[in-house]
Amino acid sequence: MKKNFSLLSHRAGAAFLAPAAALVGVFVLLPFFWVIFVSFTNRTLLGKTALNPDFVGLANYFQLFDPATFFTRGQFGFSLILTTQFVLLSALVGQALLGLLLAWLMQTIPPALKRIVETAVIAAWILPEVVIGFAWFAFLDYDNGTLNMILRGLGLPAGDFLLQQPFWVIVIFNTWRGAAFSMMLFNSAFASIPPSYFQAADVAGASSWQKFRDIGLPLIRGHVVTDLILITMWTFNVFTPFILTNGGPSYRTELLSIYNYRIAFREFDFGKGAAVGVIIMLINLAFALIYLSFGRKKAKAVQE
Amino acid sequence: MRLSFGQLLARIGFSALAAIIGILFALPLIWFIFAPFNARAELGIAIPDPWTLQNFMTVFGNGFAMRGLLNSLIQSVGGVILVAAAATLAAYALSRSSIPGKSMITYILLLFSSVVSGTAAMVPIFLIVSSVGLMDTHIAVILVFAGGLLPTAMFILRDFIDGIPKTYEESAMVAGASPVQAFFDVALPVIRPGIVVVVVWAFVNIWGSFLIPFILLRSDDLMPSSVAIYSFYSEAGTPIVTLLAAYSLIYSLPVVALYLFVSWKFGFRFFGGIKA
């Protein structure tokens, strides 16, 4: 038998690949190129330019980056900055730190308590987004909502947070919604550290913080980077806050995903919407390349 | 092992902190334990008096709501079958054949699947679906999800198949089986747990999704639950809380059941990217 004997001939392999290739080709690869093409036209959903769009060059991009309106609420620049803040606060600070804290706590607390806490955190993550959106709508209700009930019970002022602090609401909402992923990733990362390392530290009388800083964190560094890149990409593309706030009030929670939806499907400006899509994809591409090059480096290190 | 006083204190502190975080996570969901069973539920937490299934009866009597659950099921099952079948075949080919550029294909797949998100691609997806005349059909939603979920599904399955020794199929082929027979009769049964993971993952993703059906569907009788749930708002835009609560609970059940199934069957430690 030849050394590089393969089980499938090229022809059979190609046949096995064909259905997936067709689906991915039409619904993943084609949209990538199509959106670039559409972004150079003035295509609309309705009207004359729906069927016969004109080539407008970079006009859509100039419109997005028009310095006169760039930072205005409801415009592209405002949305881009808002999304950056949203990602920084809710993913990199909120989800990652909370996930890390939870995963570390899970190492020491009694199993019964661990199971209960994990259930609550994971429930926030697995339930369908419209259900979660409605749960938060009820939770934040000014007159009867659970949050204001608690605040009043504690003698603190109640608030209509969806109107007063909509941005902080979606930041906390997204932290709550997504912390489970980081928690589970870090949990399995900590579990892969040989217990003898921690036992040795125990014998030497190390505190939990010292063990975390000197053993736990350095050994899961690779997982932390993986986690940060993944949650950044997901949070950057998330549409769920739309269910809670509709992007409002007055565009104050209009993330890029929601802005893109409004331009394309409420204002029917497909050309401009496509240009927003292209920019979102370029940013995604940057993160994906960082992630993949990082993964390759790791794979190489394992092989060596 | 004896704990010093300080260590004991630290342990109690850790447990207390974990408990507080757990409570904070549970708070927005506690409402769902009571409201579905309360015929006079409002947005506040109230113990039902009496506990009743009346809200569920109203939901079951609402044709549009039930139709939504059926539509969710059609779209999820359709998408899952396509994803699982196409991903298994493709992952097997990537793992077992010597097609040139295999690693390149995997790399490109990973790259594009993370770059072309539903958010970025909503305009071209809408245009592609409408140009092939599939606007406002179940099949459009199914195909779009199948395409979008396939790269990750293939990646999960390829990892899984790579971990299975080739000797299984080789011995079958030495005994005279064709490659296709070796795949169906020998490899497939061994890959099955990996396929179960992909099936559950894809189902949860499609079942819960809002944006794609929201963009691609127009007719009321095609809407999945995630969109149909908005029919429980009055004309003024205020929610009919009792029905929404009961419907949300019914709609969440399959996801919760699958989660429990996976954690019972595989031990829910870590699960790659169960969400797209």
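## Two domains in chain B

Chain B splits into domain 1, covering residues 5-52, and domain 2, covering 63-266. Their C-alpha centres sit 33 Å apart. Where the two meet, domain 1 of chain B supplies seven residues and domain 2 of chain B supplies six. The domain 1 side of this contact has six nonpolar residues and one charged residue, with no polar ones. Do keep in mind that this is a predicted model.

## Fold and overall shape

Let's turn to the fold of the chain.

The C-alpha trace of chain B spans about 70 × 70 × 35 Å along its principal axes. Its radius of gyration is 24 Å, whereas a compact globule of 276 residues would come out near 19 Å. Of the 276 residues in chain B, 45% count as buried. Looking at contacts in chain B between residues at least 6 apart in sequence, 72% link residues at least 24 apart.

## Where chain B meets chain A

Now for the partner chain. The contact between the chains draws 78 residues from chain B and 78 residues from chain A. On the chain B side, the elements giving two or more residues are α1 (5-34), α3 (63-96), α4 (102-115), α5 (122-131), α6 (138-162), α8 (179-208), α9 (211-216) and α11 (241-266). The largest share comes from α1(B), with 17 residues. By class, the side of chain B that touches chain A has 57 nonpolar, 15 polar and six charged residues.

Methods
Residues are numbered from 1 along each chain as its sequence is written. Chains are lettered from A and ligands numbered from 1 in the order in which they are written. This is a predicted model: local features need pLDDT of at least 70, side-chain atom pairs count only at pLDDT 80 or more; totals for chains, interfaces and linings use all residues. Domain bounds come from an automatic or database domain assignment. Ala, Val, Leu, Ile, Met, Phe, Trp, Tyr, Cys and Pro count as nonpolar, Asp, Glu, Lys and Arg as charged, and the others, Gly among them, as polar. Helices (H or I, at least four residues) and strands (E, at least two) are DSSP runs, numbered from the N terminus. The radius of gyration is taken over C-alpha atoms; the globule rule is 2.2 Å times the number of residues to the power 0.38. A residue is buried if 20 or more other C-beta atoms lie within 10 Å of its own, exposed if 12 or fewer, and partly exposed in between; C-beta atoms are placed from the backbone.
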